[in-house]
Amino acid sequence: MTGREPLYAIQRRERIMDELRARGAVSVSVLAGRLGVSELTVRRDINALAQQGLLTRVHGGATLRSAVDAGRPAALVPLPAKYTLGMVVPSLDYYWPAIVHGARAQAAQQRASLLLRASTYDPRDNRRQVEALLAMPGLHGLIVAPETSGEDATATLRWLDSLPVPVVLAERRVRTAEAPHLDSVASDHAAGAALAVQHLHEVGHTRIGLFLESDSPTGRYVRLGWRAALGSLGLPTDVATLDGIRFDAPGRERAMDDAIDLIRSTGTTAVIVLPDPQAIALEQHAIDRGVRVPHDLAIVAYDDDVARFGDPPITAVRPPKEYVGREAVDLLIARLEGGPGRPAHRMKLSPELQIRASSLPASIAPLDPDSEES
């Protein structure tokens, strides 16, 4: 006995639809884990929901139903799709569902069908998924998010640049020398980090640290923006900084203890943490160690996928994920209609800051009613 009550088919399918409404896209493997059933069972549920016209099956998961999907009543059937676009994303579990949702919505408005495939962060798997889409008849162009760092990155970008259909990079950047014809659209993560530093400085912090996951493609830009913002404000740099944090891995208690000790020893009073789950883990551990948030330590997360679930809710930089998907579709269609003479476009979109209790000034942030007044 596992202690988990079995879900009936209708309950599972309601849960699947709830996940889709919240995230825009879901993967079979994650749903199986959350529902406590096999991946085969999840696929059967997705097939049943697709037959009812409630969702769209994609490789490895499902997305919310698009207006260009077949099977709608005759009066509501849109004009035939003008373009068939492929899209390969490295995940349907975190960050990317909002981008997929934006791309699907924009494709529907542009009379384009969008063929989605979920990949991983492995360059070989990414290439396999791209090749699978290229093999489909009538494909006009691709939106992809390959790894742009590491020893294989340049070769991958040059390969994408040589494909017989135009390619747009989503949430990835490229140097002209690597791939002169690729369009790209990405969040301006350096500007997002600067927003976080500026906010923390405005509420009274001068010693602002930075904790980053090592495998995040966003991290290098967040670091650049953080460092530049400290410099422009004349703030010290001998603060708590960590690369490669894994507060969700074996040994996490020791790692977070070391992080709290570093914060204390450097006099750091605020820290920016990428991504959200690591920020939530740090917040919980800090409170367990007697470090009050935000009174002793202010925290700003980067991504804003789950930061609102912190206790207290965590202030977060929110990249414009849905608009990245929309602009990627628009760039690709503009390339198709403009022809090879159209110059490469490299777009950066500005993030926003969502201010919550984890970074409020200590003078107005509510204290835990069970704690003593200082």
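Colleague: Which elements make the right-handed β-α-β unit?

Modeller: In this predicted model, the right-handed β-α-β unit is built from strand β11, helix α10 (residues 276-288) and strand β12.

Colleague: How many bridges join β11 to β12, and do the two strands run parallel or antiparallel?

Modeller: Strands of a sheet pair through backbone hydrogen bonds, and the pairing is either parallel or antiparallel. Here β11 and β12 (residues 298-302) run parallel and are joined by four bridges. Within this pair, Val271 has Ile299 of β12 as its bridge partner. Strand β9 (residues 208-212) also runs parallel to β11, with five bridges between them.

Colleague: Which residues does the cis peptide bond with omega of about 0° join?

Modeller: That bond joins Leu274 and Pro275. Pro275 is located in the loop between β11 and α10. Another cis peptide bond runs from Asp311 to Pro312, where omega is near 10°. Pro312 belongs to the loop between β12 and β13 (315-318).

Colleague: What is the strand order in the open sheet of three strands?

Modeller: The order is β1-β3-β2, and the pairing is antiparallel. β1 (25-27) and β2 (55-58) are at the edges with a single partner strand each, so one side of each has no neighbour in the sheet. From one strand to the next, the twist averages 20°. Three bridges connect β1 with strand β3 (residues 61-64) in the antiparallel sense. Ala25, for instance, has Thr63 in β3 as its bridge partner.

Colleague: Which helix packs on the sheet, and which strands does that helix touch?

Modeller: Helix α3 (residues 39-51) packs there and touches β2 and β3. The direction of α3 makes about 135° with that of β2.

Colleague: What is phi of Arg111, and where is the place of this residue?

Modeller: Phi of Arg111 is near 55°, which is a positive value in a residue other than glycine. Arg111 is placed in the loop between α4 (96-109) and β5 (112-118). With a relative accessible area of 36%, Arg111 is partly exposed.

Colleague: Is Glu171 buried or exposed?

Modeller: Buried means under 20% relative accessible area. Glu171 counts as buried because its relative accessibility is 8%. Glu171 has a positive phi too, of about 55°, although it is not a glycine. The loop between β7 (167-170) and β8 (183-187) holds Glu171.

Colleague: How many cavities of 30 Å³ or more are there, and what is the volume of the largest cavity?

Modeller: Rolling a probe the size of a water molecule over the atoms shows where empty space is left. The count here is three cavities of 30 Å³ or more. The largest cavity has a volume of about 70 Å³. Glu171 is one of the residues lining the largest cavity, and the others are Thr148, Arg172, Arg173, Ala186, His189, Pro217, Thr218, Arg220 and Tyr221.

Conventions
Residues numbered from 1 in each chain as written. Predicted model: local features only at pLDDT ≥ 70, side-chain atom pairs only at ≥ 80, totals over all residues. Heavy atoms only, no water. Pairing = 2+ DSSP bridges. Axes fitted to C-alpha atoms, helices over the stretch in contact; angles between N-to-C directions. Contact = heavy atoms within 4.5 Å. Right-handed = clockwise from strand over helix to strand, strands pointing away. 1 Å grid on protein atoms, 1.4 Å probe; cavity = no way out; pocket = protein on both sides within 12 Å on 5 of 7 lines; lining within 4 Å. Points joined across faces, edges and corners; volume = space filled by probe spheres on them. Buried < 20%, exposed > 50% of the residue type's maximum accessible area, 1.4 Å probe, protein only.
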